[in-house]
Amino acid sequence: MGIERVTIVGLGLIGSSIARAVKARLPGVTAVGYDASEAVRDTARELGLCDTIAGDAAAAVADADLVIFAVPVGGMADAARAAAPGLKAGVIVSDVGSSKAGVGAALRAALPGHLVIPAHPVAGTENSGPAAGFASLFDGRWCIVTPGADAPGDAVAALIAFWQALGAKVETMDAAHHDMVLAVTSHLPHLIAYTIVGTASELEEVTESEVIKYSAGGFRDFTRIAASDPVMWRDVFLANKDAVLATLQRFNEDLTVLQQAIRRGDADKLEDWFTRTRAIRRSIIEQGQDDAAPDFGRKH
Ligand code: NAP
C-alpha cells in the first residue's frame, strides 16, 4: 500500500516535526497540514512546513492516503469529527497521542467505517508549537504502533514503513500494554517533576531565588521536564488514569522504603539502590537513547 499523500492535523511540536521529516526524507510524498489555530496555520505557511496548509479539516484530509492526528489527547475525537466528511475510503487514520487505548477508542468511535491504526513516537522535547519542531526528532527513537487485531497487514506495514522512513525504529504492541509501559517511562517521571518543581517553589525555609541560583544540584534537570506543555500533560494524565495510578502506588511504596532506609541509617540499602539505578542510566546510553555528554546530551 503506497502512501503518496499524508495529512497532518495539528502542527505543533510533533505535527510540524512530521511535516519537516516528510519533506526531508520522503520527497515523493505530498504533505498537507491543518491546525485549528489560524495563527499556527499562518506560521506553518511562513515556515513552508507542508506543500499545502488547508483552511479547514475536511478539505485538508481530502484524498489523503494517511491522516495523522497530532493534537492533544483530549482533542482527538473533536479533530477526527471535524475531518470525517473529507476522508476517502481506504485511508489509514493514525495519531501520535501519548496514551493509546483511550485515543484508539475515541478515534474509532468518531470515525465509524474507517481504519484506525494508533501510533506513538516516543520522542519529544519540552517545547511546543510549530516553530519548535525539527526533521531529525524521530531519528533512532522508537515509534510504538498499536494496531487492533483486525487491522489489515498491508496497512500496518505501510504505517511502519512510513515511520521508518522518518528515521524511527518501530515496535508493535497492544494498546493497554503501551499505556502501562509509558506510565512508567514517561508519565510518572513527568508527574514527579511537576511535583518537585511545585514543592520547591513553595518551601518557606528556602527562597525561590535560592532554588533557582543553586538549581545545578539536580533541580534544574527536573525543571526541563516540568516545563512541558500543560494542556498536553493534563490530557495524558486524564486519559491514562488507571495505569498512572497503578504505577504511582508502586512508586509511593518504594519511596517509603527509601524514607525508612534514610531514617534507620541503612547505608547498604541506599548504596545498593543507587548502584542499580546507575546501571539503568548506563544501559540507556549503551542503547543510544541518550548520550553521556554533559547536560544529558541535550542539543535542542
Ligand atoms: P503542541 O505543540 O501543543 O501542538 C498541538 C497543536 O494541535 C496546537 O497547534 C493546537 O492548537 C492544535 N490543535 C488542538 N486541537 C486541535 C483540533 N481539534 N484540530 C486541529 N488542531 C488542533 O502539542 P505536541 O507536543 O505536538 O503534541 C501533540 C500530540 O503528540 C499530543 O497528543 C501528545 O500527547 C503527543 N506527543 C507529544 C510529545 C511531546 O514530547 N510533546 C511526544 C510524543 C507524542 P492550539 O494551540 O490552538 O490549541
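The structure is a predicted model, and the values below are computed from it.

Domain 1 covers residues 5-173, and domain 2 covers residues 177-265. Taken over C-alpha atoms, the centres of domain 1 and domain 2 lie 29 Å apart. Where the two domains meet, 15 residues of domain 1 are in contact with 16 residues of domain 2. Between them, domain 1 and domain 2 bury about 1200 Å², and carbon and sulfur atoms give 66% of this area. On the side of domain 1, the residues that lose the most area to domain 2 are Ser98, Glu126 and Met173, which together account for 43% of what that side buries.

The polar side of this meeting can be described next. There are 7 residue pairs in polar contact between domain 1 and domain 2, with both residues of each pair at pLDDT 80 or more. The residues of domain 1 that touch domain 2 divide into 6 nonpolar, 7 polar and 2 charged. The count of salt bridges between the two domains is 1. A salt bridge is formed by Glu126 and Arg224, whose closest N and O atoms are 3.5 Å apart. Glu126 is also one of the residues of domain 1 that lose the most area to domain 2.

Attention now turns to the ligand. Around the ligand there are 27 residues, of which Ile14, Asp35, Val71, Ser98 and Gly129 come nearest. Asp35 places a polar side-chain atom 2.7 Å from an oxygen atom of the ligand. Of the 900 Å² that the ligand exposes when taken alone, the protein buries 80%.

Conventions
Residues numbered from 1 in each chain as written. Predicted model: local features only at pLDDT ≥ 70, side-chain atom pairs only at ≥ 80, totals over all residues. Heavy atoms only, no water. Domains from an automatic or database assignment. Contact = heavy atoms within 4.5 Å. Buried area = accessible area lost by both parts, 1.4 Å probe. Salt bridge = Lys/Arg side-chain N within 4 Å of Asp/Glu carboxyl O. Polar contact = N/O pair within 3.5 Å; in protein donor to acceptor, adjacent residues only side chain to side chain. Nonpolar A, V, L, I, M, F, W, Y, C, P; charged D, E, K, R; others polar. Near = heavy atom within 4 Å. Areas by Shrake-Rupley, 256 points an atom, 1.4 Å probe, with all protein chains shown as cover.
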